[in-house]
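Let's take a walk through a protein model together. Have the picture open and follow along as we go from one spot to the next.

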Amino acid sequence: MAEENPWNVARLIPTSGISGADEQERRATSALLAVMSSVKEYGRVLTSRMGAPAGTLETYIEVPFHLGDKKVFPDGLIRVKRGSKVWTALVEVKTGNNELQREQLENYLDVAREHRFDALLTISNEIPPAAGTHPTTVDKRKSKYVTMHHLSWTEVLTAAIMQKEFRGVADPDQAWILGELIRYLEHPKSGAVEFTDMGTSWVPVRDAVTSGTLRKRDKDAAQVASRFDALLRYSALKLGQRLGADVTQVLSKAEISDPSLRVAAVTDMLVSDGKMSGAIRIPNAVSPLTVTVDVRAAQITCSFSTSAPAEGRPTTRVNWLMRQLKDAPDTIRVEAFASRQRGGTAELLKTVREDPSVLVIDPSKEIRSFTVTYIGKMGAARLAGRSGFIDSVMDAILVSYDSIGQRLKDWSAAPPRLRKPEEVVVDETLPKDVPSAALSSQDDDTTGPSSPAAS
């Protein structure tokens, strides 16, 4: 039996020697910015999100600036040059559980405005509830001339994985460098942690929902609603890593422009029904994946919906769906919706397999659509782990996509088939003046209405 090697493998970006939060942030900043400038494809992916032009990318760390009578040191600076155009962004980085500080960000906004820089980029483990929003509230007057952008470390890691594993890097050496960044960020010591905490409000809100004492004015309810949406965004990023696709949370235009509307809607649902619900969009899936958490029932449901075939008997349409779910677990719920019928008819997949007609209440009504749902158990704990709420939601999303989402396809009508002459049957008993039903009924000009005989 081979002995275990006790030596540490030499890495381009080592995790050994990280002695504290300052060292952790300094190393993460330097590693990320160095790889952005070295791996062109990756650097372009991140800077393009901030509106930077395509060009030569330069990166620096701990750049000193004078602000009044004091000196400030942003963690980094990104500069993109293209011809005479220069685009510049300051960078502020936090790792672990450290949060961005308002005063610090406002100082950097003042520096950026004074030097006519274009943007301020912040990177931390904070995940805002909606894309395009910032987790830290600052004086709007200070961000009037400088745009603020935020990336979670999960987004940074996801972009790196997708570029290396799915989109590709042209230079093999640069691909290896990007792989070293991925390896570093995935290490627990890097400080680029995953979504691991539902926050201090989770337990009291969970208990209040169970006892029926939660009120809309409770601030904890809004905090849990906001964390739930952050969890959906995190889940979308993690699923996107696995699929190599851009998986995003589904939000209305109003919710994108005003995230407070979304938080208010989830809060209302939590207070009135004890539920939280949202959806994520997966490229080429039959529908968005709807995720609903029923806190009272301690249950998570993940659903996909699809239109039924536009032809065939009701049981034929049910069988069309069953063929697509042949490998799905028996415990999945299938619901059929018919025209001019209030509500749907639901049964477990095991029952429908044995008798497809159980979904047909009235054979005279057409089945228009199906909803297929995975049902999972909700974890109660605040922190990530086997019994945690976060892991239970993630597991439900992955299992539902694996067993349902990647298998369902939209129905499409078959193209008309070309008939052969021998397949056409002509009734010889019909009178001669009745037009033929043969393939070429107009071939005999002597019997057509435009023939001399007809005139």
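Here, two residues are in contact when they have heavy atoms within 4.5 Å of each other. Keep in mind that what you're looking at is a predicted model.

Leaving aside its neighbours within four places in sequence, Glu 180 is in contact with Arg 11, Leu 12 and Ile 13. Is Glu 180 buried or exposed? Its relative accessibility is 5%, so it counts as buried; the cut-off for that word is under 20%.

Next, find a pair of helices. Two packed helices are described by the angle between their axes and the distance between the axes. For helix H7 (residues 219–243) and helix H9 (residues 259–273), the angle is about 115° and the axes are 8 Å apart. H7 and H9 are therefore roughly perpendicular to each other, and H7 passes H9 in a right-handed crossing. On the H7 side, the contact is made by Ala 221, Ala 222, Val 224, Ala 225, Ser 226, Phe 228, Asp 229 and Leu 232, while H9 brings in Arg 262, Val 263, Val 266, Thr 267 and Leu 270. Sort the residues of this contact by type and you get nine nonpolar, two polar and two charged.

Now look inside. The largest nonpolar core has 61 residues, and Leu 321, Leu 325 and Phe 389 touch the most other members. H7 turns up again here: it gives this core its largest share, ten residues. If you zoom in on Phe 389 and skip residues up to four places away in sequence, you'll find that it touches, among others, Met 198, Trp 202, Phe 228, Leu 231 and Met 276. There's also a second, separate core of 39 residues, which includes Val 35, Val 93, Ile 123 and Val 156.

Leu 321 is also one of the buried residues of helix H10 (residues 314–324), along with others including Val 318, Trp 320 and Met 322. What covers the buried residues of H10? The cover includes strands E11 (299–307), E12 (333–338) and E14 (367–377), plus helix H11 (349–354).

Finally, let's visit two loops. Glu 62 is in the loop between strand E1 (56–61) and strand E2 (65–67), and its phi is near 45°, a positive value in a residue other than glycine. Arg 116, in the loop between helix H3 (102–114) and strand E6 (119–124), also has a positive phi, near 60°. Glu 62 counts as partly exposed at 37% relative accessibility, whereas Arg 116 is exposed, with a relative accessible area of 76%.

Notes:
Residues numbered from 1 in each chain as written. Predicted model: local features only at pLDDT ≥ 70, side-chain atom pairs only at ≥ 80, totals over all residues. Heavy atoms only, no water. Axes fitted to C-alpha atoms, helices over the stretch in contact; angles between N-to-C directions. Helix = DSSP H or I, 4+ residues; strand = E, 2+ residues; numbered from the N terminus. Parallel < 35°, antiparallel > 145°, perpendicular 65-115°, else oblique. Left-handed = near helix turned anticlockwise from the far one by under 90°. Nonpolar A, V, L, I, M, F, W, Y, C, P; charged D, E, K, R; others polar. Core = buried A, V, L, I, M, F, W, Y, C linked by side-chain atoms within 4.5 Å. Buried < 20%, exposed > 50% of the residue type's maximum accessible area, 1.4 Å probe, protein only.
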